[in-house]
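Please read these notes with the sequence and the model open beside you. They go from the whole chain to single side chains.

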Amino acid sequence: MATDCFADNDRAPASPQFDPIPVKIIYPPLKPHGSADDALATGRVIEGRYAMAAPATKPWRIAFLFPHLKDPYWVGCNYAVISEAKRLGVAVDIFPADGYDDLIGQLRRMDEVIAAKYDAIVVSPISMTGNNASIAKARAQGIPVFELANDSTSDDLTIKVTTSLKAMGLEAMRWVIRDAQARGLQSINVGLLPGPADAGWVKGEVAGTLEAAGQAPIKVNVVDTKYGDSDLIGQTKLAVQMLAKHGKQLDYMLGCTGCAPAAILPVKEAGISQRVKIVAYDLTREIAVALSKHQISASADTKGVSQTRVVLNAAVNFLEGRTRQLPHTILVNLGMVDSENDDRYPFDTSIAPPDFVPQLSYRPSKSH
């Protein structure tokens with residue numbers, strides 16, 4: 001079943017600025033305390049398109065809790081929050097933690113926004129389970145909580161907006177396998193730089209990677225997996241360590257948004273850039289530039305800008321009373337970009353404009 005609205009639930013007209021976003025809309029019944037991929041496997045799934053909401057009738061206050069703003073992925077999400085808040089006429093504040101090792105900081109910020117009585121909270125959880133109690137606390141105080149991008153097992157969310165995190169790994173590794181076959185390789189060695197070990201998206205991408213490797217028609221050896229926060233310096237060190245141990249045998253390196261770019265210089269300095277191909281699990285402006293320079297060969301795309309637009313529109317529709325039946329999860333459909341399609345790929349669904357400067361707050365004017 002397909003539809004060009006939010007499963008006939010959000011009746012607001014589409015914005016002329018953005019096309020409706022292809023999604024999978026998932027309703028109960030489904031597995032309790034599950035991931036987004038569990039919802040996809042067990043829930044009632046409707047293929048559809050999420051139309052952008054009409055402007056709000058009042059300047060609702062919405063808080064966003066990000067893991068950090070240290071890589072271009074979250075800068076893209078920041079851009080989508082601010083640009084959509086301006087269009088919708090709502091007030092937004094973004095509260096970044098200090099990174100994926102700062103769960104305590106994110107929980108502290110959650111307590112602060114609950115105490116400040118925001119109309120809604122959008123959280124990108126650092127942990128699959130560590131944020132659950134704080135989400136339940138907000139709900140108990142009557143504040144709706146929406147989830148963006150990063151997954152959790154909380155059953156107290158109003159709506160979860162993400163993508164199939166497992167599909168990130170599946171699609172990236174399937175590209176690797178197709179490319180290896182085109183190169184005539186019968187067996188390949190792969191190194192993974194997936195990101196921070198406790199993050200839900202990392203667990204999903206690694207699970208998908210290993211599943212695709214196990215189903216491959218050629219032999220795929222995952223020879224090393226190095227976890228760590230997605231900052232450039234830390235990931236560069238991990239890439240150097242991986243190459244020191246496995247560089248002579250590696251054929252591919254797969255990495256997250258902050259991880260794949262960090263591998264470019266170490267691979268070049270090791271003199272193996274003609275043999276080792278780097279593939280990204282997601283897309284940022286930095287990765288798009290690296291694709292154009294053939295420094296990164298391919299990238300899956302979770303469409304972070306589109307995800308953020310959907311979650312803010314979903315929050316406004318909920319606050320405005322426009323949503324007749326709540327879904328459990330909305331999954332934004334993945335993309336895949338490489339040299340075959342990068343000249344026509346819709347990068348504006350995924351990354352911020354080059355001149356965008358991160359902004360933590362927006363307040364609509366009284367005349368909005």
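The points below cover the fold, the surface and the charged side chains.

1. Basis. This is a predicted model, in which local features need pLDDT of at least 70, side-chain atom pairs count only at pLDDT 80 or more, and totals for chains, interfaces and linings use all residues. Residues are numbered from 1 along each chain as its sequence is written, and side-chain values use heavy atoms, with hydrogens and water left out.

2. Fold. The chain has 10 helices and 16 strands, where helices (H or I, at least four residues) and strands (E, at least two) are DSSP runs numbered from the N terminus. The radius of gyration is 20 Å, close to the 21 Å from the globule rule for 368 residues, so the chain is as compact as a globular protein of that length. That radius is taken over C-alpha atoms, and the rule is 2.2 Å times the number of residues to the power 0.38. The C-alpha trace spans about 60 × 40 × 40 Å along its principal axes.

3. Interior. Of the 368 residues, 61% are buried (under 20% relative accessible area; exposed is over 50%, and partly exposed in between, with a 1.4 Å probe and protein chains only). Among contacts (heavy atoms within 4.5 Å) with a separation of 6 or more, 76% join residues 24 or more positions apart.

4. Charges. The chain carries 38 positive and 40 negative charges, and their mean positions are 1 Å apart. Lys and Arg count as positive, Asp and Glu as negative; His and the chain ends are not counted. The place of a charge is NZ of Lys, CZ of Arg, CG of Asp or CD of Glu.

5. Salt bridges. Side chains of opposite charge can pair when their charged atoms come close. The structure holds 17 salt bridges (a side-chain nitrogen of Lys or Arg within 4 Å of a carboxyl oxygen of Asp or Glu). One of them joins Lys31 and Asp38, at 3.7 Å from N to O. Lys31 is partly exposed at 43% relative accessible area, and Asp38 is also partly exposed, at 25%.

6. A pair within a helix. How far apart along helix H5 are Glu171 and Arg174? They are three residues apart, about one turn of this helix, which covers residues 165-182. Glu171 is partly exposed at 26%, as is Arg174 at 31%.

7. Further cases. Asp224 forms a salt bridge with Lys226 at 3.6 Å, N to O, and Asp224 counts as buried at 12% relative accessibility. Salt bridges also link Asp179, Arg183 and Lys277 in a network.
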